[in-house]
Amino acid sequence: MSDFEKNGTALIELDGKVITKPKLLGKYGAVRVFQVIIETKRKNEKVDIFQLEYTTELGVVLNVGDFIKVNGEIRTLIESYILANSIEILPEEPEFYTNECTISYGGFHRFISTRKSYDDSGSDVTEYVVSVQRKRGRISYFRATSWNHDALYIGNSHDSIKHMNIGCRLQSYSGKKGDKHFISLNVHHFSTIREDNNDECKED
């Protein structure tokens, strides 16, 4: 488990399709906060579902069926969600859905396991939990998966890893009753941070 010396970030750029009507979550003066559910497609056509929160300060009105590009950050409270910093309504469905997340100064919260993949590839897979400290000491937690070389490195060195930078794609999963939505991280870049000078140390 890591101790935080500074705040981290969990920034995303994501294309999606709005599949629910906006739901009013709250009002803060003249600002209103809305939530919609969006879906995004992987290259294999599998669909991921995410909760998206945004405010009227962004100046957009979302409707069911809109294709959108979102820049923002991922967070957890009771569930995982995306908080939008900007939303662009796209003229048509993208041929390939953008889905990129960059976590800077993330904490290595907990090691779960290293195993072989469930398909026939024989790839090594490591699962673990990433933490990101936000402003005012609030912390978000995300389940993450790394593959192959990174999986073996994390499996062998997890006791010494405190902080890291990662690049990943967002994937979704539901709670046991299907009524809660969570974000998981499919990691394609993993690098530890040297604690003495905050330099990145990529494991090759």
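Predicted model: local features only at pLDDT ≥ 70, side-chain atom pairs only at ≥ 80, totals over all residues.
Me: Is strand S5 largely enclosed or largely open, and how many of its residues are buried?
Reply: S5 covers residues 67–76. It pairs antiparallel with S1 (residues 9–18) over 7 bridges, and antiparallel with S6 (residues 80–89) over 9 bridges. S5 is largely enclosed by the rest of the structure, because its buried residues number 8 of the 10.

Me: Which residue of S5 is the bridge partner of Ile-12?
Reply: Look at the pairing of S1 with S5, which is antiparallel. Within S5, the partner you want is Gly-72.

Me: How many residues lie between S5 and S6 in their hairpin?
Reply: These two strands run antiparallel, and Arg-75 stands opposite Tyr-81 in S6. Together S5 and S6 form a hairpin, and the number of residues between them is 3.

Me: How far apart in sequence are the parts tied together by the Phe-34 and Tyr-54 pair?
Reply: The structure holds 5 aromatic pairs. One of them is Phe-34 with Tyr-54, a stacked pair at 5.9 Å centre to centre with 25° between the planes. Phe-34 lies in S3 (residues 31–41) and Tyr-54 in S4 (residues 47–55), so the parts tied together are apart in sequence by 20 residues. Both ends of that pair, Phe-34 and Tyr-54, are buried.

Me: What is the geometry of the Tyr-128 and Phe-190 pair?
Reply: Tyr-128 sits in S8 (residues 124–133) and Phe-190 in S11 (residues 181–193), so to speak distant parts of the chain, 62 residues apart. Both residues are buried. The centres are 6.1 Å apart with 85° between the planes, and the pair is edge-to-face.

Me: Which residues do ring pairs link into a cluster?
Reply: Tyr-128 and Phe-190 form an aromatic pair, and they belong to a cluster joined by ring pairs. Its members are Phe-108, Tyr-128, Tyr-153 and Phe-190.

Me: Over which ring does the charged end of Arg-115 sit?
Reply: There are charges over rings here, including Lys-6, whose charged end is 5.0 Å from the ring centre of Tyr-105. For Arg-115, the charged end is 3.9 Å from the ring centre of Tyr-118.

Me: Is Ser-140 buried or exposed?
Reply: Ser-140 is placed in strand S9 (residues 139–147). Leaving aside neighbours within four places in sequence, its contacts are Arg-75, Thr-76, Val-130, Ser-131, Val-132 and Arg-134. Its relative accessibility is 0%, so Ser-140 counts as buried.

Me: How far apart in space are Ser-140 and Ser-80?
Reply: In sequence, 60 residues separate these two serines. In space, C-alpha to C-alpha, the distance between Ser-140 and Ser-80 is 8.5 Å.

Terms used:
Residues numbered from 1 in each chain as written. Heavy atoms only, no water. Buried < 20%, exposed > 50% of the residue type's maximum accessible area, 1.4 Å probe, protein only. Helix = DSSP H or I, 4+ residues; strand = E, 2+ residues; numbered from the N terminus. Pairing = 2+ DSSP bridges. Phe/Tyr/Trp six-rings, centres within 6.5 Å; stacked < 30°, edge-to-face > 60°. Lys NZ or Arg CZ within 6 Å of the ring centre and 35° of its normal. Contact = heavy atoms within 4.5 Å.
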